[in-house]
Amino acid sequence: MSKLLVRPEGKTGRVIHVSPQSAGWTYVGFDVHKLLPGQSVSAETGTREVCLVFIACKGRVETGAASLGELGERQSPFEGKPWSVYIPAGTNYKVTATTDLELAVCSAPAEHMARPARIIAPDDLDNETRGKGTNTRYVTNILPETEPADSLLVVEVITPAGNSSSYPPHKHDRDNYPDETLLEETYYHRLKPSQGFAFQRVYTDDRSLDEAMAVEDGNVTLVPKGYHPVATCHGYDLY
């Protein structure tokens, strides 16, 4: 199995765990929790900022001494925009599922409590269409570079069946703004219908890194550097 492919472990609880240590890089963390009603996940952010993304269904959120109420709405990542929550470094949070809940926890280094926690509602999010023809995909910007955060960037992309994404191939491994920025990326893959598969290749110009992966529903791919195009098969939409 490719060292860049992370498969889920179990069906409930924390099913995906990516940390800088496990990925062998410096900044980005990414977890997925699948919770039954009444189950919860809680943590202290420490030196990292967090973006909670309600991939599917609902949960009640508490952060610090405040209750943010019940959030979430869609039943799958293919049904509209998500509810999300930004949580700064140095803050505790708890999410309790009120239905079956699929929750993503995105994290990266940040200054201690540099900004307040905030709800990111679906109506706050921009949609854009990128590409054309079989390169068309639909992007929802949850935490783009124009919104307050220290280092996190969070987006959702729907790639229609038979189309490609992250294409033409591009990379983010040099700090040379505006031509290129230095990023570590995780791709959390969901497929509709779920029995399908897609392909992602991660490679550098000199091919010192060159991994081609068949990705299934619930897999994560790691992009530490290099180009990283994705293609989905006929009949299967890709998130």
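## A four-stranded sheet

Two strands are taken to pair if DSSP finds at least two bridges between them. In this predicted model, that criterion gives an open sheet of 4 strands in the order β15-β21-β18-β19, with antiparallel pairing. The edges of this sheet are formed by β15 (164-165) and β19 (210-216), each of which pairs on one side only.

Within the sheet, β18 (residues 197-203) and β21 (residues 230-232) run antiparallel to each other and are joined over 3 bridges. The bridge partner of Q200 is V230, a residue of β21. In general, the strands of a sheet pair through backbone hydrogen bonds, in either the parallel or the antiparallel sense.

## The second largest pocket

The greatest contribution comes from β3, with 4 residues. By residue class, the lining of the second largest pocket consists of 8 nonpolar, 6 polar and 4 charged residues.

## An aromatic pair across the sequence

The structure contains 4 aromatic pairs. One of them is formed by F30 and Y188, whose rings are 5.7 Å apart centre to centre, with 45° between the planes, a tilted arrangement. Because F30 belongs to strand β3 and Y188 to strand β16 (residues 185-188), the pair ties together parts that are 158 residues apart in sequence.

Are the two partners buried or exposed? F30 is buried, at 6% relative accessibility, and Y188 is also buried, with a relative accessible area of 10%.

How many disulfides does a search of the whole structure find? The search of the whole structure finds 0 disulfides. For C51, the nearest cysteine sulfur is that of C106, 5.4 Å away, and C51 is in no disulfide. A disulfide requires two cysteine sulfur atoms within 2.5 Å. C51 is buried, with a relative accessible area of 0%.

C57 is likewise in no disulfide. The nearest cysteine sulfur to C57 is that of C106, at a distance of 18 Å. C57 is buried as well, with a relative accessible area of 11%.

Key:
Residues are numbered from 1 along each chain as its sequence is written. This is a predicted model: local features need pLDDT of at least 70, side-chain atom pairs count only at pLDDT 80 or more; totals for chains, interfaces and linings use all residues. Side-chain values use heavy atoms; hydrogens and water are left out. Buried means under 20% relative accessible area, exposed over 50%, partly exposed in between (1.4 Å probe, protein chains only). Helices (H or I, at least four residues) and strands (E, at least two) are DSSP runs, numbered from the N terminus. Ala, Val, Leu, Ile, Met, Phe, Trp, Tyr, Cys and Pro count as nonpolar, Asp, Glu, Lys and Arg as charged, and the others, Gly among them, as polar. Rings of Phe, Tyr and Trp (its six-membered ring) pair if their centres lie within 6.5 Å; planes under 30 degrees apart count as stacked, over 60 as edge-to-face and the rest as tilted.
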